[in-house]
Amino acid sequence: MNRNAIFLCERLCAEFPSELNLQLLASCYLRNNQAHCAYHILKGTQMAQSRYLFALSCFQMDLLHEAEAALCPANEPHIEVPNGAAGHYLLGLIYRYTDRKKSAVHHFMQALSIDPFIWSAYEELCILGSAEDANSIFGEAAAVRIQQQHSNSGLSCQGEDTNVSSGRKSGPDDGSPRLKQNNVKEVYQGHSLGAVLGLGPASQVVNAASSVSLCNTPSPVSVQTSGIAPPPLCRNGLPNLGPNSGEGSPRSTVNAGVQAPRRKFMDEGKLRKVSGRLFSDSAPRRSTRLAGEAASNATHAGGSGTNHASSKFLGGLSTSKMSSFRSVTVRRGQSWATESLDEGRSQEALDESRLDSTATSSASVSAVGDDRPTERERMNPQTCVGPSTSGSRIQSGVLELLGLLKTIGEGYRLSCLYRCQDALEAFLKLSHQQYNTGWVLSQVGKAYFELVDYYEADNAFSLARRISPYTMEGMDIYSTVLYHLKEELKLSYLAQELITTDRLSPQSWCAIGNCYSLQKDHEIALKNFQRSVNLDSKFAYAHTLCGHEHVALEDFESGIKCYQSSLRVDPRHYNAWYGLGMVFLRQEKYEFAEHHFRKAFKINPRSSVLMCYLGMALHSLKRNAEALEMMEKAILADKKNPLPMYQKGNILLSLEKFEEALSVLEQLKEYVPRESSVWALMGKIYKRLGMYDKAMFHYGLALDLKPSAADGASIKSAIEKLNVPDELEEL
């Protein structure tokens, strides 16, 4: 339908050329993934919404400087960023990818201050390592702010409903079949692109325009001006006219003032709204899903007792039967400004008789979340749902959703700080329904991966795949988990499934690359990782995996370039710092190796592997005391990791503390009895002690364990020089 929308918008622009209509056409092209078309259409435009859409197209085309200039013109330094929270979020992304962290953090915080439900901004802050405690973002202050903004927008809408009604009834051009310029503007500002392009009859969109635009207060529960933002949430004065409704008919006059029924449905939509997503509101968002559940619970608590599943898709759109039914409820809840009490009662009786005559057909309406008045409510209009009840429902729903975001946000923040055990405990506080979702389980799997607990990570990712077989979140990490577990069959199956699901996902090609890398086919693996980079140049992990393959092929210069590209995308991607340290360690540039290992260790100070390699670099620099201290920390950080104990024995050997070294290696031998390098190092120590028989015995055991070709050659060389003094061997 995107092509159809583009075609119709071109007809509209040809008939009524204006910048507002160009905005609509550009939005259609953006929805169709044709950012270059939107770029050329909006280039040189000046309106705030045009500048936002132009910046969005520039961002998608990787023209970051032009995008920044559109949002913050150099000749107008104090101009307001267009499109509220979404504009600040986009500007924050631009600053992040141009390596201006402080400015990025500032604008992400601005986005959250405008709309606490913009989860993506908090996610970016966590990635940058600058996120505040989740309680300060999603706490009571945020709830109070949202409630105040909702109250202000509600008062604004109510205050102008009478003017809207009278203006629509007396306007000379209301019945015109053509779209005037002001109508186009209001339609575009008041509706999401999906609503404008065919989610309802055309006459509904046109007639609703003037009412919706009046509620254009920038807040989390009011209208967003972006054509790609979620649907408008404050439609208290929105008439629900069918395609054949006329402006002069009595029915349209009555419906023009209807407020409370629309508010009830829209308030539930407000709870589901998570604004500020840059690219699309049609795809399922996790924060949207969470908001939807909060809205459903809040409505149920209010006494609905009906199934609200369909309301997620209906939003504020309703059938004409819903409209006629709601007119009864609102008549009881409030008085009319333009009609006498007697007229209101007679009209109410007429509406009730219509309702009774259509009881069978309206049963399907109640199944999607409508509240049919009971006999007691018919007798007592005071019991009907009014603005105060609706406000309390919104308040409880907002508090529930913020509490959920607080728990998830704290777990994600701790995970990004690599406090993985704390993150796992935070995620366990979630309800069973929320914990067993694809996104949460992927985060749990990542936490176990960072803890080097690959079996638990495998279990978490496997469960995430069963629950959400279509999601790509974390599948690059899952493929690396299977790579470390050497599960060739499972890794091949995963790669095939991911490619079948989405060939254009960078995670799919990462899985294929890991599959070939496990089979030691590094050239084919490199090609697949490069495909992942081509699909998403901002995917830092794909750059790092390319670097690993270059190093495996001993192309160190290309490896360094790939690691540096990864760090340009994400300076906190410690795997790239680790990769650079490994390259310099192999090149025996120990000072550079130490520098890069320290950078990685500063980002992830709980990694036993990073501590161990930093200790190895210090040992190579003859700073043995610091190296031993670092090895002790690494052993305490992860007692299951054998590498720090082995390196500690090696350092003690260089210090000629043979007995201590043998004691450490004897302990290590119990953990990894089939590791040939441990037996070979023990043989070397016995040789230094002059115990040649024991040295020969341990060298023989090391060879029996089938070491790698390089290790086997060094062991055989040591056996041949067994009786050669160490002084002569060094010569």
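How far apart do the end C-alpha atoms of residues 574-607 lie, and what share of the span is helix or strand? These end C-alpha atoms are 10 Å apart, and the span is 79% helix and 0% strand; helices (H or I, at least four residues) and strands (E, at least two) are DSSP runs, numbered from the N terminus. This is a predicted model, in which local features need pLDDT of at least 70 and side-chain atom pairs count only at pLDDT 80 or more, while totals for chains, interfaces and linings use all residues. Residues are numbered from 1 along each chain as its sequence is written, and side-chain values use heavy atoms, with hydrogens and water left out.

**Confidence**
- The mean pLDDT of the protein is 75, and 66% of its residues reach 70 or more; pLDDT is the predictor's confidence in each residue, from 0 to 100.
- Residues 161-385 have pLDDT below 50, and beyond near neighbours in sequence this stretch has 365 contacts in the model (contact means heavy atoms within 4.5 Å).
- Where pLDDT is low, the predicted coordinates should not be read in detail.

- Residues 506-539 are 79% helix and 0% strand, with end C-alpha atoms 8 Å apart.

**Helices α26 and α27**
- Helix α26 (residues 438-450) packs against helix α27 (residues 454-467) at about 165 degrees, with axes 8 Å apart; axes are lines fitted to C-alpha atoms, for helices over the stretch in contact, and angles run from 0 to 180 degrees between N-to-C directions.
- α26 and α27 are therefore roughly antiparallel (over 145 degrees; under 35 is roughly parallel, 65 to 115 roughly perpendicular and the rest oblique).
- Residues of α26 including L441, V444 and F449 meet residues of α27 including A460, F461 and I467.
- The contact of α26 with α27 comprises eleven nonpolar, three polar and two charged residues; Ala, Val, Leu, Ile, Met, Phe, Trp, Tyr, Cys and Pro count as nonpolar, Asp, Glu, Lys and Arg as charged, and the others, Gly among them, as polar.

**Helices α27 and α29**
- α27 and helix α29 (residues 488-501) pack at about 30 degrees, with axes 14 Å apart, which makes α27 roughly parallel to α29.
- D458, S462 and R465 of α27 meet K490, L494, E497 and L498 of α29, a contact with two nonpolar, one polar and four charged residues.

**Helices α28 and α30**
- Helix α28 (residues 475-485) and helix α30 (residues 506-518) pack at about 10 degrees, with axes 8 Å apart, and are therefore roughly parallel.
- Among the residues in this contact are M475 and Y483 of α28 and C510 and L518 of α30.
- Five nonpolar, five polar and one charged residue form the contact of α28 with α30.
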